Amino acid sequence: MTMPCLQCPSCQSTKVVSNGKNHNGKQNHKCRECGRQVVLNPTQKRTTEETKCLIDQRLLEKIPLAGIVRIVEVSEPWRQEYVNGKYRSVPRQMAMMLRLTMTSKTQSMI
C-alpha cells in the first residue's frame, strides 16, 4: 500500500511504503524507487560536521575519551566507532614510523 503523503528525501519519489518498525519502536518507511529507509520524526539526532571537528580537536589535545563524551554530548558507542574509524584511516606505515621513532628516542635516553 503506497502512502501518497510521504516523499523520499533522496529521490523525491512518493512511492514510499511502510517497512516494519525500528529498534525504538517507530514506524519505518522504505522508498520503492531508491530503496532508502526513512523514519518520520526520528528521536536520534545526527552528529554534525561541527561536532566531529570539535571531537577531532579534543583528540589532538589528548582529552580522555570519557571527557569527550561529556563535553560533546555524544553516546559512547558512537564516539568509539568514530575514533576507531579515525585510527583505521591512519596508514599502518605511519604508525610503524612513529613506533620506530619513539623506540630510538627511548634508547638514546638510556
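Predicted model: local features only at pLDDT ≥ 70, side-chain atom pairs only at ≥ 80, totals over all residues.
## Getting started

A residue counts as buried under 20% relative accessible area, as exposed over 50%, and as partly exposed in between, using a 1.4 Å probe and protein chains only.

Residues are numbered from 1 along each chain as its sequence is written, and side-chain values use heavy atoms, with hydrogens and water left out.

## The overall layout

The protein chain has four helices and three strands (DSSP runs numbered from the N terminus: H or I over at least four residues for helices, E over at least two for strands). Starting at the N terminus, the order is β-β-β-α-α-α-α.

Of the chain's 110 residues, 17% count as buried. Now take the contacts (heavy atoms within 4.5 Å) in the chain with a separation of 6 or more: residues 24 or more positions apart account for 16% of them.

## Helix 2 and its neighbours

Helix 2 covers residues 65–72, and its Gly-67, Ile-68, Val-69 and Val-72 are buried. What do these buried residues pack against? Their partners are helix 1 and helix 3. Just past the end of helix 2 comes Glu-73, with a positive phi of about 60°.

Over in helix 1 sits Arg-58. Arg-58 is a charged residue, and its relative accessible area of 19% makes it buried. Leaving out residues up to four places away in sequence, Arg-58 touches Ile-63, Ile-68 and Ile-71.

## Salt bridges

Side chains of opposite charge can pair when their charged atoms come close. A search of the whole structure turns up five salt bridges, each one a side-chain nitrogen of Lys or Arg within 4 Å of a carboxyl oxygen of Asp or Glu. One of them joins Glu-33 and Lys-15, at 3.3 Å from N to O. That pair ties together distant parts of the chain, 18 residues apart: Glu-33 is in the loop between strand 2 (27–31) and strand 3 (37–39), and Lys-15 is in the segment before strand 1 (16–21). Glu-33 is partly exposed at 48%, and Lys-15 is partly exposed too, at 44%.

Arg-58 turns up here again, bridged to Glu-61 with the closest N and O atoms 3.6 Å apart. Arg-58 is buried, whereas Glu-61 is partly exposed at 49% relative accessibility. Arg-88 also has a partner: Glu-81, with 3.2 Å between the closest N and O atoms. Glu-81 is partly exposed, with a relative accessible area of 47%.

## One aromatic pair

The structure holds one aromatic pair. The ring centres of Trp-78 and Tyr-82 are 5.1 Å apart and the planes meet at 10°, so this pair is stacked. For reference, rings of Phe, Tyr and Trp (its six-membered ring) pair if their centres lie within 6.5 Å, and planes under 30 degrees apart count as stacked, over 60 as edge-to-face and the rest as tilted.

Where do Trp-78 and Tyr-82 lie? Both belong to helix 3, four residues apart, or about one turn of the helix. Is Tyr-82 buried or exposed? Tyr-82 is buried at 15%, while Trp-78 is partly exposed at 27%.

## Two pockets

A pocket is an open set of points on a 1 Å grid over the protein atoms alone where a 1.4 Å probe fits, with protein on both sides within 12 Å along at least five of seven lines; lining residues have an atom within 4 Å of a point. Points are joined across faces, edges and corners, and the volume is the space filled by probe spheres set on them. The largest pocket has about 330 Å³ of space. Its lining has 13 residues, with Asn-22, Val-39, Pro-42, Gln-44 and Arg-46 nearest the centre. The lining divides into three nonpolar, six polar and four charged residues (Ala, Val, Leu, Ile, Met, Phe, Trp, Tyr, Cys and Pro are nonpolar, Asp, Glu, Lys and Arg charged, and the others, Gly among them, polar).

The second largest pocket comes in at about 280 Å³. The elements giving two or more residues to its lining are helix 1 (49–60) and helix 3 (76–89), and helix 3 gives the most, with four. Among the lining residues are Asp-56, Leu-60, Ile-63, Val-83 and Tyr-87. This lining splits into seven nonpolar, one polar and three charged residues.
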